[in-house]
Structures are given as C-alpha cells and as structure tokens.
Amino acid sequence: MKRNVGIAAAVIIGVLILGGASYWYFRSPAELRYPGVVEVQEVRLASKVGGRVKSVLIHEGDLISSSHSSPLVVFEAPELENQWKQMKARLQLAEEELKRAIAGPRGEEKAAAKAARDAAKARWDRIEKGWRLEEIDQAKSEYQSAQANYDQAMKDFVRIAGLYKMQSISRTEYDAAIAYRDRAKGLADAAHFKLKMMEAGSRAEDKAETRAEYERAKANYELLEAGTREEDKQIAQAKVNELRAQVEAIEINLEETKLRVPPGLGRATVEVVAVRPGDVVPANQSIIRVLRTEDLWVKIFVPETQYGLVTDGRRALVTIDSHPGKLFEGKVVQRANISEFTPRNVQSVDERRHQVFAVKIR
C-alpha cells in the first residue's frame with residue numbers, strides 16, 4: 001500500500017516537473033533582441049518655377065524647422081516682377097471702372113445731359129413752329145426797302161444812260177450807274193428770297209434733323225438718369241475678379257522664387273545643397289535634401305517563428321552603437337505581411353564595426 005502511494009507521488013512530481021519545464025521552455029521570452037538599421041525620413045525641396053539662382057542662404061549641416069521664416073534659396077525673376085507690375089496696374093484701372101459703374105453718373109453729368117436735352121427741344125420747337133410773324137414782317141419791310149432802292153437805281157440809270165448817249169456825262173459816271181443798279185437789284189432779290197423762305201417755313205429736312213438731335217439728347221439724359229445697368233456692373237466685377245486672380249497667380253510664382261521650409265516639416269537637418277549662385281535650375285528639380293530629425297525609425301527583421309510575439313503597439317527599447325549605454329524608447333507601428341530573406345545591410349555587432357560614415361569638414 002505504501003509502495004503504491006510512493007509511486008503515485010513520484011508520478012505527480014514528475015508531471016509537475018515536466019509541465020514546469022515545458023512552461024519555461026515554451027513561454028514567450030521576456031525580452032526579444034533583433035538587429036536593425038536606423039532610418040530617417042528624407043524630404044527633397046524644389047521650386048515650381050526654377051530659374052537662375054540669385055543667392056543660397058543655407059549650408060549643409062544646418063538645422064532648420066517649420067518656424068524658419070527666411071528663404072533657403074532665392075531665384076532671379078525680373079520677367080515675373082514686370083508682369084506683376086503690369087497686371088497690378090490693369091487691376092487698379094479695372095477697380096476704378098467698377099467703382100464708377102457702381103456709383104453711376106455724377107450729378108454734374110446728369111445736369112449737363114438735361115441741359116443739352118432742353119436745348120435740343122427748344123431748337124426742335126423753333127424749327128417746327130417756323131419764323132415768327134414779327135420776323136416775317138421785318139423781312140417784308142427789308143424787301144420793300146430794297147425794292148424801292150432798286151426802283152430808284154433804275155430811274156437813275158435810265159436818266160444817266162440818256163445823258164451818256166448825248167455825251168453829256170463821262171463813261172465813268174455811266175459805269176457807276178450800272179454798278180449801283182446791279183447792286184440794288186441783288187439786294188432786292190436777296191430780300192425777296194429771304195421773305196419767301198420765311199413765309200414757306202422750315203424745311204422738312206431741318207425738322208427731321210432737329211427732332212433727331214432732341215431724341216438723341218433725351219435718350220442720353222434718360223440713360224444717365226437710370227444709372228449703370230446691372231449687367232455692366234457684373235461685367236466690371238468679373239473683369240476685376242479675373243485680373244485679381246491673375247495677379248494672385250503671379251504672386252504665387254514670385255513666392256516660388258524664394259524656396260522656403262515647407263509647413264509641417266518639423267525639425268530637419270540639411271543634408272545636401274545641390275546649387276550655388278549663378279546655377280540655372282529647371283522647374284520642379286530637387287535642389288535641397290533634408291532629413292527630418294523627428295521622423296526616425298528602426299527597421300528590424302523578425303524570424304517567422306517569433307512573428308506573433310511582435311505585435312502592433314508593443315513597447316520597444318532601441319540601443320545604437322554610436323550612443324552606447326543610452327536607451328531610446330519606441331513602439332511597434334507596422335508589421336510586414338510578406339516575408340523575405342534577411343537583407344545584406346542587416347549586420348551583426350562585430351560586422352557593424354567595419355561600417356563607416358562620411359564626415360564633411362568646412
């Protein structure tokens with residue numbers, strides 16, 4: 001009996017020992033160690049316009065950040081500056097035209113148009129009514145007076161002509177009598193034609209002309225009185241908007257001639273400055289390469305047998321050969337879904353001793 005109890009106890013102890021050994025053998029290790037490579041986000045800066053480099057205000061190795069307000073590289077842009085000045089002047093002219101369209105005609109312009117309309121109406125009325133009776137009577141009186149002078153001149157001429165035939169007077173006196181007679185006849189005829197014209201009244205062409213002048217002056221006054229049409233205001237506003245957009249487009253291109261730190265870059269180190277003053281750079285070509293010091297990560301390669309032990313969000317501590325004894329905190333943010341063989345650049349500690357970095361000394 002005692003022997004059976006001892007055997008059972010031995011079996012139980014053996015099972016416990018085997019289970020404990022299996023637990024300690026198969027449990028997740030408390031610490032996983034993997035070699036990797038420290039990488040950093042690289043940003044390439046370029047200008048959308050390019051051109052000849054005027055000045056370079058940054059050097060390789062300088063630290064920059066999003067708060068860096070000064071330009072890094074400045075390009076020459078005389079053509080863009082002239083275009084901006086021309087377009088700005090056109091915009092100012094269009095804005096003044098828009099103000100005039102919104103304000104409408106001035107009071108002085110309306111008053112002048114009203115006066116012109118009234119004057120045209122008065123001329124039309126005068127032409128329509130014809131000559132006044134007093135003017136016709138005056139013309140009739142002038143005609144009668146001229147006719148009387150002509151009659152007297154004829155009498156004088158007949159008398160002088162008789163004397164001239166009898167050779168009682170000279171040829172000069174005879175010619176003077178002829179001239180006086182003809183002059184008196186011309187004055188009488190002119191007075192007669194004037195009288196007939198006044199009695200007939202204004203011509204139809206004159207009436208039509210003065211009426212047209214009145215209608216034109218009236219329409220101009222009504223146009224000024226009504227003010228600027230809404231369509232004209234909209235056209236003026238559209239022209240201002242178009243020119244304003246063109247000015248803004250040129251200003252954007254002018255701003256592109258000053259290569260600045262893009263917003264959201266954070267802190268970065270200038271790695272490469274690929275241009276010098278005088279270089280001609282095409283548009284959209286990278287000329288400065290920077291490394292974001294706030295965007296560092298380590299890429300490690302985990303064996304497939306331990307893939308499940310490295311989970312997203314798991315805390316990690318990183319040690320770097322160049323900073324012995326210093327720990328950098330991190331966490332797992334991504335796991336690849338496709339396996340691969342260990343890359344050649346992942347080296348052991350001893351192998352990394354032979355890896356070197358270039359250093360530039362100014």
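**View 1. An open sheet of four strands, ordered E5-E4-E2-E7, pairs in the antiparallel sense.** Strands (E, at least two residues) and helices (H or I, at least four) are DSSP runs numbered from the N terminus, and two strands pair if DSSP finds at least two bridges between them. Strand E5 (258-259) and strand E7 (280-281) lie at the edges with a single partner strand each, so one side of each has no neighbour in the sheet. Strand E4 (residues 73-75) is joined to E5 by two bridges in the antiparallel sense, and Val-73 stands opposite Leu-259 in E5. This is a predicted model, in which local features need pLDDT of at least 70 and side-chain atom pairs count only at pLDDT 80 or more, while totals for chains, interfaces and linings use all residues. Residues are numbered from 1 along each chain as its sequence is written, and side-chain values use heavy atoms, with hydrogens and water left out.

**View 2. A second open sheet of four strands has the order E1-E8-E6-E3, with antiparallel pairing.** E1 and strand E3 (63-64) are its edge strands, each with a single partner strand, so one side of each is left without a neighbour in the sheet. Strand E6 (residues 268-273) and E8 run antiparallel and are joined by five bridges, where Ala-268 has Arg-292 in E8 as its bridge partner.

**View 3. Val-38, Leu-296, Val-298 and Ile-300 make a nonpolar surface patch of about 310 Å².** E8 contributes the largest share of the patch, three residues, whereas Val-38 is placed in strand E1 (residues 36-46). With a relative accessible area of 43%, Val-38 is partly exposed, a class that lies between buried (under 20%) and exposed (over 50%).

**View 4. Gln-167, a residue other than glycine, has a positive phi near 60°.** Gln-167 belongs to the loop between helix H4 (133-165) and helix H5 (171-200), and its relative accessible area of 71% makes it exposed.

**View 5. Asn-284 has a positive phi of about 65° although it is not a glycine.** Asn-284 is found in the loop between E7 and strand E8 (286-300), and at 57% relative accessibility Asn-284 counts as exposed.

Notes
Buried < 20%, exposed > 50% of the residue type's maximum accessible area, 1.4 Å probe, protein only. Patch = residues over 30% accessible without salt bridge, like charges linked within 9 Å, V, L, I, M, F, W, Y side chains within 5 Å. Areas by Shrake-Rupley, 256 points an atom, 1.4 Å probe, with all protein chains shown as cover. Salt bridge = Lys/Arg side-chain N within 4 Å of Asp/Glu carboxyl O.
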